[in-house]
Amino acid sequence: VKESDQINCGCCKLNVGSAKESPVSDAMKSACKFHLGSIVLGAFITVACKFLSILASWVADIIKQLNRFKDNCMAKACLSCLQVLMSWFNRFVKFVSRNAYIYAAMYPDNTFFSACKGVYGLVIGNIKEVWVIDQISDFIMFISKLAIVAVTGSISYLWLQNHPGNPSSILIPMIVACLVAYFISTGFMQIYEMTIDTIIICYLEDKTINRPGPYNMERSLRKL
C-alpha cells in the first residue's frame, strides 16, 4: 500500500487508495450491500427492548393500582427494581448494538451477534478506559449542547429586540429557536459521539492485536 494512499485517523491508518467516489458514499454503499441485515437486526432488538421496558412500566403501574398491592411495600420495591433493571438493560443493549455496528464495519465477515460478542469482550477487557473516555465525552457533548442553545437564544433575543416589526412577545420565538437548536445540535453531537466511539474501538483493537507493539495509533493515544 502506498503511503500517499493512507490517512492517519489517530488510532490507525486507513487505505483510501481504492476509494472510487468518496469515503462517505463508499461507506454507505458498503453498509447497504453488506451490513443492511445487521443494521435492521440491531434496530429491531433495540426497539424490542424499548418496547419491553415500556410494557414493564405499564404492568407495574397497573399492579400498583390494585387494592391488594397498594400497601405492600415489598411488591412496590420489587416493581421499582424491575423498572430500574429494564432501564439499565435497555441502555446496555443500545451501547452494545451501537459499538457492534462499528465492529461489523471493521470486520465485514462478522454477523451482528458475532460483532456484539467481539465488541463486548473488547470493552470488558478495557472497561476502565472505556468508562473514563465515555464520561468525559458525554460531559463535553452536554456542555456543547448548552453552549449552542445559549448562543442561539442570545442571538434570537438580540434579533427580536431590534426587529422592526415590534413583536408583542419575544419569549415564545426564543423558546422555539432554542428547541430547534437543541434538536439540531443533538443530531450533530450524535455523529461526533459515534466518531468518538469508532476511535475508541479502533484504539482498543489496535492495543489488543498489536500488543506489545508496534502500534498503529498516534503517540498521544499510546499515553492513555
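A cavity here is a set of points, on a 1 Å grid over the protein atoms alone, where a 1.4 Å probe fits but cannot get out; lining residues have an atom within 4 Å of a point. This is a predicted model, in which local features need pLDDT of at least 70, side-chain atom pairs count only at pLDDT 80 or more, and totals for chains, interfaces and linings use all residues. Residues are numbered from 1 along each chain as its sequence is written, and side-chain values use heavy atoms, with hydrogens and water left out.

**Stop 1: the cavity.** Select F95, N99, V123, V130, D134, D197, I200 and I201, the lining of the largest cavity. About 60 Å³ of space lies inside, a volume being the space filled by probe spheres set on grid points joined across faces, edges and corners. α4, α6 and α7 each give two or more residues to this lining. The largest contribution, 3 residues, is from α7.

**Stop 2: the whole chain.** Color by secondary structure. The chain has 8 helices and 2 strands, taken as DSSP runs numbered from the N terminus (helices H or I, at least four residues; strands E, at least two). From the N terminus the order is β-β-α-α-α-α-α-α-α-α. Of the 224 residues, 26% are buried (under 20% relative accessible area, 1.4 Å probe, protein chains only).

**Stop 3: the core.** Select A100, Y103, V119, I201 and L204. Of the 17 residues in the largest nonpolar core, these touch the most other members. Such a core is a set of buried Ala, Val, Leu, Ile, Met, Phe, Trp, Tyr and Cys residues joined through side-chain atoms within 4.5 Å. α4, α5 and α7 (171-209) each supply at least two of its residues. α5 has the largest share, with 6 residues.

**Stop 4: a helix pair.** Show α2 (residues 36-65) and α4 (residues 73-106). They pack at about 170°, axes 10 Å apart. Axes are lines fitted to C-alpha atoms over the stretch in contact, and angles run from 0 to 180 degrees between N-to-C directions. The pair is therefore roughly antiparallel (over 145 degrees).

**Stop 5: a pocket.** Select R91, F92, K94, F95 and R98. Of the 26 residues lining the second largest pocket, these lie nearest its centre. A pocket is an open set of points with protein on both sides within 12 Å along at least five of seven lines. Its volume is about 860 Å³. α2, α4, α5 (112-125) and α6 (127-161) each give two or more lining residues. α4 gives the most, with 11.

Note on methods
Parallel < 35°, antiparallel > 145°, perpendicular 65-115°, else oblique. Buried < 20%, exposed > 50% of the residue type's maximum accessible area, 1.4 Å probe, protein only.
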